[in-house]
Amino acid sequence: MAAIPSHNNLLTINHKNSITGSSSLNTNFSEINFPAKFRVATRALSRTDESSLSAVISRLERERRERQGLLIEEAEGAGELWMTAEDIRRRDKKTEEERRLRDTWRKIQGEDDWAGLMDPMDPILRSELIRYGEMAQACYDAFDFDPASKYCGTSRFTRLEFFDSLGMIDSGYEVARYLYATSNINLPNFFSKSRWSKVWSKNANWMGYVAVSDDETSRNRLGRRDIAIAWRGTVTKLEWIADLKDYLKPVTENKIRCPDPAVKVESGFLDLYTDKDTTCKFARFSAREQILTEVKRLVEEHGDDDDSDLSITVTGHSLGGALAILSAYDIAEMRLNRSKKGKVIPVTVLTYGGPRVGNVRFRERMEELGVKVMRVVNVHDVVPKSPGLFLNESRPHALMKIAEGLPWCYSHVGEELALDHQNSPFLKPSVDVSTAHNLEAMLHLLDGYHGKGERFVLSSGRDHALVNKASDFLKEHLQIPPFWRQDANKGMVRNSEGRWIQAERLRFEDHHSPDIHHHLSQLRLDHPC
């Protein structure tokens with residue numbers, strides 16, 4: 001008997017509509033797709049006459065259609081014919097969602113501050129929040145956290161092979177630039193460093209990437225060209241929270257252009273974004289300079305395309321969420337979301353488990369600039385409650401106005417989508433600091449969220465096993481091993497002589513592009529207004 005696909009327990013039928021591999025049965029069964037229990041019945045049926053066989057098959061087929069509504073469809077270019085109704089529904093659902101996204105992408109990007117889209121949860125918004133969350137998760141999956149690696153602190157994959165190496169072959173995006181930052185700032189617990197003396201860099205860490213959607217994705221799926229910026233957070237520890245000084249300082253102190261000196265952000269975030277190390281080839285330009293020059297280049301290339309619109313979407317988890325908000329503000333403040341013909345390009349920020357970034361005036365300035373922010377949080381996560389534990393947006397407006405000059409008075413920006421991991425039947429209900437902050441868990445919660453008070457039901461078929469990729473959050477009866485994701489041989493490979501070595505990773509295309517000086521000179525970043 002032919003092999004049965006494990007994911008739908010269907011008997012495989014060949015293109016002649018006969019049971020594959022059965023020498024004793026030569027009957028053709030048109031448009032029949034057998035349930036798994038047919039395997040048991042076959043042993044007895046092989047000893048019966050054809051009329052008994054037909055009667056049993058008819059009964060099983062009738063029951064199957066009533067229970068599942070299974071259909072058979074010929075796979076493109078394949079000789080086998082099997083597809084469940086669930087497969088077809090999922091395919092049709094994806095096609096319909098892509099059509100709706102093309103028509104409504106501005107609303108999904110926050111044009112109306114997501115009014116009416118979160119409760120009940122709009123399925124297109126849910127899909128997009130998961131998709132951009134996976135772009136942020138890719139920063140973790142690609143990052144080398146291993147201090148025993150000479151490449152600790154960088155991406156395990158080259159820029160040109162990034163999405164394919166992570167199995168995201170249908171992402172529809174191409175990485176245009178990698179982002180690096182200097183570790184010589186006052187957030188030491190955020191950075192990863194190798195314990196070896198000979199390393200790829202002593203003073204830099206890989207921070208994420210800038211990507212742009214390809215022609216097919218832009219035209220057929222998104223309804224516009226999308227510039228996506230993903231910032232890395234930290235998945236292994238939360239000690240960086242203790243490094244936050246709760247000290248706000250004006251963005252103008254770090255040479256960011258702003259007409260109002262009262263606009264302030266947390267000093268550690270600001271330093272991480274703007275500092276550089278001229279002795280390091282990876283961090284000789286600040287993360288800010290890398291972001292702004294690449295966005296400028298891509299907007300000049302695509303901003304006035306006649307056949308498509310353009311959007312800028314910035315995403316990040318944890319501290320990466322703070323950097324996403326700060327960089328999106330800077331892009332808008334620098335007016336880089338304007339094409340040469342004056343077309344305004346929407347800037348949207350989607351963060352996951354991100355902390356507060358700035359003061360009330362920073363929030364107001366973001367709103368004035370038209371930057372849209374959606375913050376996805378787990379209500380049990382401590383990071384979104386920091387900094388500004390006592391003076392924040394939850395306090396009376398009059399009190400916040402009185403205290404807005406204090407260096408520890410913070411305010412969240414944008415809209416919040418609050419999720420609760422205790423609503424998921426897959427997750428342990430206990431509250432643990434690290435698991436409540438886990439990004440894969442938040443994507444799982446998004447998949448099952450349908451609105452306040454609604455039952456938790458997974459929508460997209462996204463594998464819940466991903467939650468335990470770097471945590472121990474799933475309930476034991478699911479039998480998913482904790483921390484199951486492992487790098488093969490810790491990056492060791494055999495060379496031509498048969499010796500095990502750490503393969504070279506960094507290539508020329510992963511460094512800064514040669515035109516960065518040209519764009520920097522045009523931006524005049526050293527001359528704040």
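The side chains of His 437 and Asp 381 are joined by a polar contact of 2.7 Å. Keep in mind that the model you are looking at is predicted.

Let's start with what the record says about these residues. UniProt lists Ser 318, Asp 381 and His 437 under the feature "active site". They are spread over 120 residues of sequence, yet they cluster in space, with a largest C-alpha distance of 10.3 Å.

Where do Ser 318 and His 437 sit? Ser 318 is in the loop between β8 (309-317) and α10 (319-333), while His 437 is in the loop between β11 (415-419) and α13 (439-448). Both can be compared with the cut-off for buried, which is under 20% relative accessible area.

| Residue | Relative accessible area | Class |
|---|---|---|
| Ser 318 | 0% | buried |
| His 437 | 3% | buried |

Now look at the neighbours, leaving aside residues within four places in sequence. Ser 318 is in contact with residues including Tyr 140, Trp 240, Tyr 352 and His 437. His 437, in turn, touches Ser 318 and Asp 381, and its partners also include Leu 238 and Met 442.

In soluble globular proteins, nonpolar side chains tend to be buried together. The largest nonpolar core here has 60 residues, of which Ile 229, Trp 231, Leu 272, Ile 291 and Ile 312 touch the most other members. The element giving the most to this core is α10, with ten residues. Another core, of 58 residues, lies apart from it and includes Leu 129, Trp 206, Tyr 209 and Phe 282.

Conventions. Residues are numbered from 1 along each chain as its sequence is written. This is a predicted model: local features need pLDDT of at least 70, side-chain atom pairs count only at pLDDT 80 or more; totals for chains, interfaces and linings use all residues. Side-chain values use heavy atoms; hydrogens and water are left out. UniProt positions are given in the numbering used here, feature names are shortened, and annotations may be inferred rather than shown by experiment. Helices (H or I, at least four residues) and strands (E, at least two) are DSSP runs, numbered from the N terminus. Buried means under 20% relative accessible area, exposed over 50%, partly exposed in between (1.4 Å probe, protein chains only). Contact means heavy atoms within 4.5 Å. A polar contact is a pair of N or O atoms within 3.5 Å; within protein, one must be able to donate a hydrogen and the other to accept it, and residues adjacent in sequence count only if both atoms are side-chain atoms. A nonpolar core is a set of buried Ala, Val, Leu, Ile, Met, Phe, Trp, Tyr and Cys residues joined through side-chain atoms within 4.5 Å.
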